[in-house]
Amino acid sequence: MDKQLINFIREAGIVGAGGAGFPTHVKVNGKAEYIVVNGAECEPLLRVDQQLMTYKAAEVLEGLKAIVKETGAKKGIIALKKKYKLAIEALGKELYPGDPIEIFELGDFYPVGDEQITVYEVLKRIVPEGGIPLQVGVIVTNVETLLNVSNAMKGIPVTHKYLTVTGAVRKPVTVKVPVGISIREVIALAGGATVDRFKVIDGGPMMGKIVENIDKPITKTSKGIIVLPEEHSLIQGKIRSIETMLKQARTACCHCSLCTEVCPRNLLGHKLHPDKLMRIASYNSTCENDASVTEAFLCCECGLCETACIMNLQPWKLNQFLKGKLSSAGIKNPNNRQPLKTNEFRDYRKFPVKKLVARLGLEGYNVDAPLVENVNHEFLCVVLDRKQHIGVKTEPLVQAGDAVALGQAVADVKEGQLGAKIHASIDGIVQRIDENVIKICKR
């Protein structure tokens, strides 16, 4: 195996551009039968990946072809929704006879972008319970990650991030910004909030997290910033405490099993039954001694169970709580079956995104967010989180007072550790280094 591409990726500090941020040089340093590109962007309101596939098609394909060759894969498959017509057209124009690349059109349902769902839709292979796609010969990668791989081949490290800024803002937009600017600055690029009292979601409306401090910096894994009125039902659901939810479950859960009937992992054949776990909570038992509680490890926390619940309960939040409790007790996931088949009703229980948007009360915010490649703004300071990936925290390569240039490596992990390099995203002077961040400001 030619290690040159792996070295380029490693030096560029590339991680998964969405989700947990797994270091890409580790992910592609092996063999796979297929490389599947997750271009579904199934979270409502987000527009990043579909626009990158439209306007950066050549670079995305360049990165994909390089990874296909590196891993010895038979083919690279770009899985994107059929409704992304501009992206499909742009990618098609850049493909040539003999290219080991295929475009696969997905339906418009949630959560088709969950990597296990994507693998099944594309290849009809079921990832084992608690497993990863590589166990069925597949590596799943992100669209922006491929763009970053293309840049790495030209010696350009990860210094900027594409993200959608939308919701209750004056001008919803998708922007390219330096890693490390604040969420407050990002909101300003969209013209600011249209309401006085608002909350911010970092990520999509379903799996994104409430931001407690909008001066928090953007990282390599940031994908969307959604501004919503403080009183919006989606915000109220996210801030509801687990204690409150459990109390409501004990009085309101009618054990109808709707949560299980729409659960994407259950429909894949995995042994996850949110309704049974809610029953345990209803009987005031969330003890790790109950063997069935370990099913919670199989939950991807997509939140679809909450959307389906007629009592507005949150089985995913219970599963999140149980996973934390089990892990604290030293209990690991014992579920690793290889399901032989999916639920026979799976195709009839896919949840349409249009219906999801309506249920979430987001129809008024489901608008275009045009891509702006070069924002007309000078960013004076960036705060670089020293851990923007799965693995260990990086160690500084610079000291306070050092002058640094855009693209210069400022932090890295030690040889053999899991992590990724971090680079300066502006020219400037290192103002501060502490336990968690490196702050750089212009002279």
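These legends describe close-up views of a predicted model. Local features need pLDDT of at least 70, side-chain atom pairs count only at pLDDT 80 or more, and totals for chains, interfaces and linings use all residues. Residues are numbered from 1 along each chain as its sequence is written, and side-chain values use heavy atoms, with hydrogens and water left out.

**View 1. The second largest pocket and its lining.** The space inside is about 540 Å³. A pocket here is an open set of points on a 1 Å grid over the protein atoms alone, with protein on both sides within 12 Å along at least five of seven lines; lining residues have an atom within 4 Å of a point. Volume is the space filled by probe spheres set on the points, which are joined across faces, edges and corners. The lining has 27 residues. Nearest the centre lie Arg 47, Gln 50, Lys 83, Tyr 84 and Asp 368. Helix 3 (48–55), helix 5 (85–94) and helix 16 (353–360) each give two or more residues to this lining. Helix 3 gives the most, with four. Helices (H or I, at least four residues) and strands (E, at least two) are DSSP runs, numbered from the N terminus. By class, the lining holds 13 nonpolar, four polar and 10 charged residues. Nonpolar means Ala, Val, Leu, Ile, Met, Phe, Trp, Tyr, Cys and Pro; charged means Asp, Glu, Lys and Arg; the others, Gly among them, are polar.

**View 2. The largest cavity and its cysteines.** A cavity is a set of grid points where a 1.4 Å probe fits but cannot get out. Four cavities of 30 Å³ or more are counted. The largest cavity has a volume of about 110 Å³. Its lining comprises 14 residues, with Cys 253, Cys 256, Cys 259, Cys 309 and Leu 313 nearest the centre. Helix 11 (258–262) and helix 13 (274–282) each contribute two or more lining residues. The lining splits into 11 nonpolar, two polar and one charged.

View 3. Strand 16 (residues 409–412) pairs with strand 17 over two bridges. Two strands pair if DSSP finds at least two bridges between them. Ala 409 has His 423 in strand 17 as its bridge partner.

View 4. A salt bridge puts a side-chain nitrogen of Lys or Arg within 4 Å of a carboxyl oxygen of Asp or Glu. The whole structure has 29. Lys 154 meets Glu 62 at 2.7 Å, N to O.

**View 5. The salt bridge of Glu 395 and Arg 386.** The N to O distance is 3.8 Å. Glu 395 is partly exposed at 39% relative accessibility, whereas Arg 386 is buried at 8%. Buried means under 20% relative accessible area, exposed over 50%, partly exposed in between (1.4 Å probe, protein chains only).
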